[in-house]
Amino acid sequence: HDALPIYFLSQQAVLQMVGVLLVSVLLLFFILAAQFESLVQPFIILSEMVLDIFVVLVILYLLRLPIDLMSMTGLIVMAGIVINDSILKVDTINGHRKSGMPLFESIVKAGRERLLPILMTSLTTIFSLVPFLSGGSIGADLQFPLSLTILVGMIVGTGVSIFFVPILYYVIYRK
């Protein structure tokens with residue numbers, strides 16, 4: 001990252017991207033609240049983003065990579081991609097519950113129905129990013145934080161969508 005142009009490392013640009021991420025999450029919360037007619041379910045869905053972003057930031061720190069314009073762009077892109085799986089999972093669970101199915105059975109059935117689509121979309125994205133992890137040129141070096149951020153976020157997000165979101169849904173709605 002020593003050869004990166006200064007505008008990719010600008011603190012002001014990174015802060016603007018943090019602002020974009022926060023506004024995006026806030027807008028997404030309101031859209032989800034309207035769609036699901038609930039204030040709780042958007043929190044279940046958006047909890048995934050908190051976990052994904054935390055793990056990505058830890059990996060960037062451990063690899064001693066800067067939080068720059070490219071990694072922030074990767075965070076925003078990753079958040080938009082991974083949240084879709086959780087939205088569809090919660091929507092599928094809600095559909096089963098509305099049809100009269102018990103909570104636990106709804107979660108298990110939705111998990112079975114959404115497993116392959118989640119894995120296929122995630123693995124397609126993950127494998128398509130692997131070639132961008134090579135370095136050696138200025139273009140590859142610029143894309144590395146972006147690609148790594150999306151890749152790590154997708155790996156973590158897939159696990160969160162498959163396991164954490166249904167567990168959190170169950171814990172909240174079991175009473």
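How many residues does helix α4 have, and how far does it reach from its first C-alpha to its last? Helix α4 covers residues 69-98, which makes 30 residues, and it reaches 43 Å, close to the 44 Å expected at 1.5 Å a residue. That expected span is 1.5 Å times one less than the number of residues. Helices here are DSSP runs (H or I, at least four residues), numbered from the N terminus. Just after α4, Gly100 takes a positive phi of about 100°.

A word on the source: this is a predicted model, where local features need pLDDT of at least 70 and side-chain atom pairs count only at pLDDT 80 or more, while totals for chains, interfaces and linings use all residues. Residues are numbered from 1 along each chain as its sequence is written, and side-chain values use heavy atoms, with hydrogens and water left out.

Now to the rings. Searching the whole structure gives four aromatic pairs. Rings of Phe, Tyr and Trp (its six-membered ring) pair if their centres lie within 6.5 Å; planes under 30 degrees apart count as stacked, over 60 as edge-to-face and the rest as tilted. Two of the pairs are shown here.

| Pair | Centres apart | Angle of planes | Type |
|---|---|---|---|
| Phe29 and Phe30 | 5.8 Å | 70° | edge-to-face |
| Tyr169 and Tyr173 | 4.7 Å | 35° | tilted |

Phe29 is buried (under 20% relative accessible area, with exposed over 50% and partly exposed in between; 1.4 Å probe, protein chains only), because its relative accessibility is 13%.

Both tyrosines, Tyr169 and Tyr173, lie in helix α6 (residues 138-173), four residues apart, about one turn of the helix. Tyr169 is buried at 0% relative accessibility, whereas Tyr173, at 23%, is partly exposed.

Note on methods. Helices (H or I, at least four residues) and strands (E, at least two) are DSSP runs, numbered from the N terminus.
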